[in-house]
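Please look over the sequence and the model below. A short walk through some of its parts follows.

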Amino acid sequence: MTTERAIARRRIRQLRRIGVPQSWRRKIAKAQKWKCYYCGEQMHKKPRGTNDQKQVTLDHKTPLATGGDNRKSNLVADCRGCNSDKGNMDEQAFLEAAAE
């Protein structure tokens with residue numbers, strides 16, 4: 001018997017395997033003028049692999065775990081710090097928590 005939770009986990013694994021094209025990261029960050037979507041701070045254009053809190057990362061506004069997908073409309077460029085703080089929250093929940 002397949003449960004809803006098992007179906008959701010399978011869907012998330014499939015979306016992660018497909019992934020997001022690497023070229024989108026730079027294009028989305030450039031469209032945002034290299035500013036974090038959440039905090040508005042200027043992000044560094046450093047290559048991946050550095051442990052810099054202002055390094056560009058891609059984030060799902062609606063996380064895969066809660067039904068989001070890998071479409072460009074669901075992706076934003078954010079700094080590593082905001083991405084880490086946001087975790088699996090959706091965009092609205094994170095912005096409300098950050099405002100407190």
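Arg9 lies in helix 1, and Arg5 has its place there too, in the stretch of residues 4–18. Helices here are DSSP runs of H or I with at least four residues, strands are runs of E with at least two, and both are numbered from the N terminus. The model is predicted: local features need pLDDT of at least 70, side-chain atom pairs count only at pLDDT 80 or more, and totals for chains, interfaces and linings use all residues. Residues are numbered from 1 along each chain as its sequence is written, and side-chain values use heavy atoms, without hydrogens and water.

Arg9 counts as partly exposed because its relative accessibility is 45%, while Arg5, at 62%, counts as exposed. Buried means under 20% relative accessible area, exposed means over 50%, and partly exposed is in between (1.4 Å probe, protein chains only). The C-alpha atoms of Arg9 and Leu64 are separated by 9.5 Å, though the two are 55 residues apart along the chain.

Now to the strands. Strand 1 (residues 56–60) and strand 2 run antiparallel and are joined by five bridges; two strands pair if DSSP finds at least two bridges between them. Within this pairing, Leu58 stands opposite Ala77 of strand 2.

Why is strand 2 largely enclosed by the rest of the structure? Five of the five residues in strand 2 (residues 75–79) are buried. Leu75, Ala77 and Cys79 point one way from the strand, Val76 and Asp78 point the other way, and all are buried. In a regular strand, side chains alternate between the two faces of the sheet.
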